[in-house]
Amino acid sequence: MLTQLLRLALLTLSLLLPTQIARAQDAPVDIPAQIAAMGEASLKELTQIVVELASTGDNSVVPVLTALADGNLYLDETSSRVVIQTDSAVTDPLTGEAVDLGAEADLSRIRVNNGLRRDISAALSGMTLMSDNPATRLSAAQGFLAKPDAANLPLLDEAIAAETDANVRSAMQAARAVTILTSEDASIEDKNAAVPQVVAGAGRNAITILTGALANAPDEVKPTIEAAIAGLEQGRAVWGALQNVWFGVSLGSVLLLAAIGLAITFGVMGVINMAHGEMVMLGAYTTFLVQLVIRQNFPALLDYSLLIALPVAFLVTGAIGVGIERGIIRWLYGRPLETLLATWGLSLILQQTVRSIFGPTNQMVIAPTWMSGSTEFFGLAITYNRFWIVIFALIVFFALLLVLNRTPLGLQMRAVTQNRRMASAMGIRTPFVDAMTFGLGSGIAGLAGVALTQIDNISPNLGQNYIIDSFMVVVFGGVGNLWGTFVGALTLGVANKFLEPYAGAVLGKILILVLIILFIQRRPRGLFALKGRAIEQ
């Protein structure tokens, strides 16, 4: 009878034990209790606690595990409370709130060793790699990519199998491939198969990773790595050239904005306006003043300050340009040397006036949020401020083409450009056209100043940095021809950026100037010579 009862008890226990174990496994981890247990736990018990805390996937345990690994987790012997202590304060490990332990506090550091630190690192990596946030998983994969460890391969395999985001999966696969490539235990076949995955997923770091792996790679794997490095370097050269083209287009758009107004005044009026750069400078200072007023009185409109400054700068510099033409230039037509000297003296007066009002130090214009930051487009690094300046330059260029070809003022300007005396005989008021032309060119220079506030310092000497380049663009493209100015600005911008890496910035500009001089010897009227009876005479 006793034997039968004993058998029945064992049978009951065998049936109930798995159920109780399953319930224990399914029971949620008591995070505060586990943290409190860290104070008196041994290293082996701490390892188990770390695993259990990491298994919760709760982000609140990350500071606790980080503090434990860094040696900042303490036990207050007086209150038996676990806290985080840093140089700045004592805080609660879960809430992060400051804790006042009183004068009787007796803090002792919770001891860790290198093995436990590795376990904590793996636990934190596993938490981020299996996070619900794709950005967190991507960051974790990039961390594995930067520090490959063969011990992480099972974790990576599990994460790759569960991953649904293509970009994150690609980063995880690249991290796995790098880990295999640097592992001593991986087979030759696995290493050879990992090389293409590194090329596909490691991005710009692929060459560095493969070069580092080449030194310790087996002889059977080295040809595969060398071929991959050669292909990547060839691709990098192509993308480097495309990046230089983009930089050249960006520089060319700035030159186009600075030169397009000069192309109008120089082409229509034959005036060598050395004060054109100061119109650019006045446009920049107008932008500064507009933003200053908005910042002090209408801060909610700060993001739109540049858009508000555009018409204001155009009107201000345009009105100044009309005043210059009516007060100085109209008395000097037909005497180019005198116009050069007069406008050069005027440029010095404008510089000193601005220097006396605003001081010689640089002023700052805050970039709006939509012009801040950068992005990548198929491997090209593109900053938003340069991108919008390129778009703005194109808008100004085509708007000016529309004005010249579809408005009465534009038709009159073209008639005066081709034959001033015939245009006057046909009833066109050439003095009015001259004033409006000079005002239009100066207004566009003011728009260039608005754009330049995002990429250059605002100072009284701002215009002097662009006046020589503007003249080179106009002469190279063809005096008075807007399409010539467009092509000339982009050509000089791209050529300058390709020469800079080899000759330097200063020598590169000198070479550009020499090439333009040689070109003008062959084509004195530039790329696109303007046709007209008066010119041909």
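Me: What angle do α12 and α13 pack at, and how far apart are their axes?

Reply: This is a predicted model, and in it helix α12 (residues 276-297) packs against helix α13 (residues 305-327) at about 140 degrees, with the axes 8 Å apart. α12 and α13 are therefore oblique to each other.

Me: Which hand is the crossing of α12 and α13?

Reply: Right-handed. On the α12 side the contact is made by M279, L282, G283, T286, T287, V290, Q291 and I294. α13 brings S305, L306, I308, A309, V312, A313, V316, T317, I320 and I324 to it.

Me: And how does that contact of α12 with α13 split by class?

Reply: There are 12 nonpolar residues, six polar and no charged ones.

Me: OK, how do the axes of α12 and α18 lie?

Reply: Helix α18 (residues 430-452) and α12 have axes that come within 7 Å and cross at roughly 55 degrees. That angle makes α12 oblique to α18, and the crossing is right-handed.

Me: Which residues meet there, α12 to α18?

Reply: From α12, H276, M279, V280, G283, A284 and T287. They meet G441, S442, A445, G446, A448, G449, V450 and L452 of α18. By class, this contact of α12 with α18 divides into seven nonpolar, seven polar and no charged residues.

Me: So which α12 residues turn up in both lists?

Reply: M279, G283 and T287 are among the α12 residues in the contact with α13, and M279, G283 and T287 also meet α18.

Me: Back to α13. How many residues has it, and how far does it reach?

Reply: α13 has 23 residues and reaches 32 Å from first C-alpha to last, close to the 33 Å expected at 1.5 Å a residue.

Me: Which of the α13 residues are buried?

Reply: S305, L306, A309, L310, A313, T317, G318, G321, I324 and E325. Among them, S305, L306, A309, A313, T317 and I324 are also in the contact with α12.

Me: What about the span of α14?

Reply: Helix α14 (residues 336-358) has 23 residues, which should span 33 Å at 1.5 Å a residue; its end C-alpha atoms are 32 Å apart, so that agrees.

Me: Which α14 residues are buried, and what covers them?

Reply: The buried ones are T339, T343, L346, S347, L350, Q351 and V354. What covers them includes α12, α13 and α19 (464-477).

Me: Changing topic: how do α15 and α20 cross?

Reply: Helix α15 (residues 384-406) and helix α20 (residues 482-503) have axes that come within 11 Å and cross at roughly 165 degrees. That makes α15 roughly antiparallel to α20. α15 passes α20 in a left-handed crossing.

Me: Who makes that contact of α15 and α20?

Reply: L394, F397, F398, L400, L401 and L404 of α15, with L482, W483 and F486 of α20. By class that is nine nonpolar, no polar and no charged residues.

Me: Now single residues. Where is S250, and is S250 buried or exposed?

Reply: S250 is found in helix α11 (residues 222-269). Its relative accessibility is 3%, and the cut-off for buried is under 20%, so S250 counts as buried.

Me: Last bit, the whole chain. How many helices and strands?

Reply: The protein chain comes to 22 helices and six strands. Of its 537 residues, 41% count as buried.

Me: And of the contacts between residues at least 6 apart in sequence, what share joins residues at least 24 apart?

Reply: 69% of them.

Note on methods
Residues numbered from 1 in each chain as written. Predicted model: local features only at pLDDT ≥ 70, side-chain atom pairs only at ≥ 80, totals over all residues. Heavy atoms only, no water. Axes fitted to C-alpha atoms, helices over the stretch in contact; angles between N-to-C directions. Helix = DSSP H or I, 4+ residues; strand = E, 2+ residues; numbered from the N terminus. Parallel < 35°, antiparallel > 145°, perpendicular 65-115°, else oblique. Left-handed = near helix turned anticlockwise from the far one by under 90°. Contact = heavy atoms within 4.5 Å. Nonpolar A, V, L, I, M, F, W, Y, C, P; charged D, E, K, R; others polar. Expected span 1.5 Å × (residues − 1). Buried < 20%, exposed > 50% of the residue type's maximum accessible area, 1.4 Å probe, protein only.
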